[in-house]
Amino acid sequence: MTATTDVMATTVPATAAAPVPMARLTLVELRKLADTRAGMWLLIVIGLATVATSAILLGWADDNEITFTALYTFGLMPSAVLLPVLGILSVTSEWSQRTALGTFTLVPARARVLLAKVAAGALIAVAATAATAVLAAAANLIAPAVGGDGSWILDSSLIWQSLLLQVIFVLMGIAFGALLLNTPLAIVIFFALPTVWSILGGSIRALADASKWLDLNVTSQAMTEADMTSGEWARLGASVGVWVVLPLVLGAVRVLRREVS
């Protein structure tokens, strides 16, 4: 009987462990965004800067300019600038702090980890946009008391366009982080390269036409205005392909192939 049992034990294959659910991976990546001092302080600075935008408009803007639309669109500027840095840190910190070994040991499928980082970045962009809307609404309630217009008119297209723009910028940060895997270098390149391209496109006539399609700083401006045209969407798509999709694909390949030490 014992021999039979031993034979059966050796022939029955072990059941493979179930993979970690994507929802749990995404929650872990969201928690990582605030786990480091850099990430925590970056979130604090974004919050304080967003509050400051409302204070600036309430204190110094012309009365007719203090509206919900102005408070909302102006309030999105800090997160549009700084959230991509958080996206960069979400990828590069795995390598700079040598946590990649633990991460990829627990979840060997690196593509799932990177996908969770993308999902977490998109969610933090949504959360930041929603928080800005709430803060803008609170500031707009105060506006009449300081002589402001206090109008609540906001074109519905601006809501989801601004949300999409925040997601695009965060994904661009994640893409540059995955491509370079070095925090200082990724941050510098993220801000410097598009700026240099904008300067060249604006000063060199031969690059002017290409700049209208491939300069994300230019094509994204249309998202701050209501009801984008098909041409504006086409130009935005082209620039997103160059500055977000391409580096994200190349970065994913590098993350998947890089040796973890």
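The lining of the largest cavity splits into 6 nonpolar, no polar and 3 charged residues, where Ala, Val, Leu, Ile, Met, Phe, Trp, Tyr, Cys and Pro count as nonpolar, Asp, Glu, Lys and Arg as charged, and the others, Gly among them, as polar. This is a predicted model, with local features needing pLDDT of at least 70 and side-chain atom pairs counting only at pLDDT 80 or more, while totals for chains, interfaces and linings use all residues. Residues are numbered from 1 along each chain as its sequence is written, and side-chain values use heavy atoms, with hydrogens and water left out.

A cavity here is a set of points, on a 1 Å grid over the protein atoms alone, where a 1.4 Å probe fits but cannot get out; lining residues have an atom within 4 Å of a point. Points are joined across faces, edges and corners, and the volume is the space filled by probe spheres set on them. On that basis there are 2 cavities of 30 Å³ or more.

The largest cavity comes out at about 40 Å³. Around it sit Val91, Glu94, Trp95, Phe104, Arg110, Val113, Leu114, Lys117 and Val255. Two or more of these lining residues come from each of α5 (77-96) and α7 (110-142), helices being DSSP runs of H or I, at least four residues, numbered from the N terminus. The largest share, 4 residues, belongs to α7.

As for the second largest cavity, its volume is about 40 Å³, and its lining consists of Leu33, Leu83, Leu86, Gly87, Ser90, Gly121, Ile124, Val170 and Ile174. Here α5, α7 and α8 (156-180) each give two or more residues, and α5 has the largest share with 4. This second lining holds 6 nonpolar, 3 polar and no charged residues.

Conventions. On a 1 Å grid over the protein atoms alone, a cavity is a set of points where a 1.4 Å probe fits but cannot get out, and a pocket is an open set with protein on both sides within 12 Å along at least five of seven lines; lining residues have an atom within 4 Å of a point.
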